[in-house]
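Please read it alongside the sequence and the model.

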Amino acid sequence: MSPVTPEVHTLIIGAGFSGIGAAIALDRAGLGDYLIVEAGAEVGGTWYWNTYPGIAVDIPSFSYQFSFEQSPDWSRTYAPGRELKAYADHCVEKYGIASRIRFDTEVTGARFDTENNLWVVQTDGGSIAARHLINAAGVLNVPKMPDIAGVRTFAGTTMHTARWDHGVDLTGKRVAVIGTGASAVQLIPEIAPIVEQLNVFQRTPIWCFPKLDMPLPAPARWAMRLPLGSAVQRALSQAYVEVTFPLSAQYHSVFPLSGGTRRLGLNYLRREVEDPVLRDKLTPRYAVGCKRPAFHNGYLSTFNRDNVELITTPIEEITPTAVVTSDGVAHDIDVLILATGFAVLDVDSGTFPLIGADGESLAEFWTRNRMQAYEGVSVPGFPNFYNVCGPYGYVGSSYFALIETQTRHIVRCLREATRTGATRVEVRREANARYFDEMMRKRHRQIFWQDSCSLANSYYFDRNGDVPLRPASTPEAWWRSRSFPLRDYAFTAGT
C-alpha cells in the first residue's frame, strides 16, 4: 500500500482568537501550509457565538488583544462584544488568513495514523489528512445544558446565552434566567427594564465587584494611536490584570490579597442592595477566588427592582409552562434563558473524540491519568497534536497572553521538525511526568485549596477535584515557552 500524503501540513481547529493567533504565528515562522476549520459561519469564536445583550470583555481592552496588533479603536475600557468580533475580522483581513479558513465545518473526530504519521480528521463535510493538528477550539463556546428534569419540555421559548436568538422580543414577557455566572451578570441588568417579570434562579451566589468601565475620552483614544501612549496603557493594564488574578490566585500563600478583596466585595454588596434578606442571599459563603468572580456596575442593584425576584430554592423540574421549585411553587414563565455556562474542563476537550497512536482516546487518557499536558500543550501518546488551551497552560491573565505563549511553544516544535526532517513529534513521557509533578508540587500556593471552596460549585475544578490552571505568572509562562528543552520531545523521521 502506498503511503498517504497529508493534504495540508497543519490543520487548525477553530477560527476564534486561538486559531487566528496560531495562523499568524505559523505564517511568521514560514509555515503557511495550514488550513483552519471552523464550525461557525464567521470568525471570532466566543465573540461570534455569544451575542446576548450586555456581552462585554471582563478584563481591560488594552490587555484583551494581541501584543503585536494593538487596536486604537476601543470605545471603552472594557470593550463590548461587537468590538471584539470586529477586532477578529480585522486581524483575519490584515494578516491574510481568510482564504485558508473553511467555515461551516464541524470536526466530529480525529485519529492518528501511525503508519503515515499524520492525523485523519473527520468533519461533517468529509475527512482531512494533516501532518500536524492544533486544537484551537476555545472553552467558552460549547453550551453546557443544565441537568434539570423536563428542561426540554418547556413549551415557550428557550435560549442558552451562548446561542442568543435576536428574533425573540422579551418586552413585556415573564422571563426566567437559570444561573448567576458571568454571562448572567451581564445579561440580567440589560433585560430587567423591559420584561414584565424576571425570575433569577440562583444555586450559588457570585462575588461581584465594581467595574472600572467607562467610555474612553478623546485624548485617550488619540494616545492609543501613538506607540508610546499605547505601550503605557497596555503596561498599566497588564499590571492590573496580573495583580488581580495570576498573583492573587496562583500565589495566594505568598501574596494573601483575598482578605482585602472580600471586604471590597461585601462593602459593594452593602451599598448596592437595599434589603438585608436579599443581600444575605447574594452573599457568597466561599472565599474570593474559589470561582470566577464577576465585575459589573449594575448587576447587584438590579435586584432592587420590583419586577425582579431572586429565587434560591432549588429547582425541582421544568414543566411546559413553569419552573417548579422544591417547595412546590410553580413560577409561570414565557421565556426560559439558560445562563448555565460552558463545557470548560471536559475530558473530551469539549469538542470532538480524539484517538492517539496507541488507540486510546484523549478522554480515556485524561480519565485514567487525570487531566495533564506538557507545558499545557502536548500529551504523550498523541504525536503531532498540540493544544492552545490545554490543562496547566493558562495562568489566569488575558487569553491573548495564553495564545501567544502556547503558539510560540508549538512553532518551536514545528520548526525543529522541519529542521530535522521529522514527521513525528511527541512529548516524552518522562518530560510530561516531570511537568505534571511540578504542577502538583506548586499548586498548594493557589487560592483554590481553601476549605470554603468546596461550597463554590466552581468550574475551575474538574471531575477529579483538580484545578488545571498553571500555578505561575504570565512572565514565567512567557519565558518557558521560549526556553523549554526541545529534547523533551522525540523528533522522528519516517513516512
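**Helix packing**

The axes of helix α1 (residues 17-28) and helix α11 (residues 399-420) cross at roughly 40° and come within 9 Å. Axes are lines fitted to C-alpha atoms, for helices over the stretch in contact, with angles from 0 to 180 degrees between N-to-C directions. This is a predicted model: local features need pLDDT of at least 70, side-chain atom pairs count only at pLDDT 80 or more, and totals for chains, interfaces and linings use all residues. Residues are numbered from 1 along each chain as its sequence is written, and side-chain values use heavy atoms, with hydrogens and water left out.

- α1 and α11 are therefore oblique to each other (angles under 35 degrees count as roughly parallel, over 145 as roughly antiparallel, 65 to 115 as roughly perpendicular and the rest as oblique).
- F17, S18, G21, A22, A25, L26 and R28 of α1 are in contact (heavy atoms within 4.5 Å) with F400, I403, T407, V411, L414 and R415 of α11.
- The residues of this contact comprise 8 nonpolar, 3 polar and 2 charged.

**Residue T157**

- T157 lies in strand β7 (residues 157-160).
- At 30% relative accessibility, T157 is partly exposed (between buried, under 20%, and exposed, over 50%, with a 1.4 Å probe and protein chains only).
- Leaving aside neighbours within four places in sequence, T157 contacts V168, D334, V335 and L336.
- The C-alpha atoms of T157 and I337 are 8.3 Å apart, although 180 residues separate them along the chain.

**Strand pairing**

- β13 and strand β14 (residues 322-325) pair in the antiparallel sense over 3 bridges (pairing requires at least two DSSP bridges).
- I315 has T325 in β14 as its bridge partner.

Key:
Helices (H or I, at least four residues) and strands (E, at least two) are DSSP runs, numbered from the N terminus. Ala, Val, Leu, Ile, Met, Phe, Trp, Tyr, Cys and Pro count as nonpolar, Asp, Glu, Lys and Arg as charged, and the others, Gly among them, as polar.
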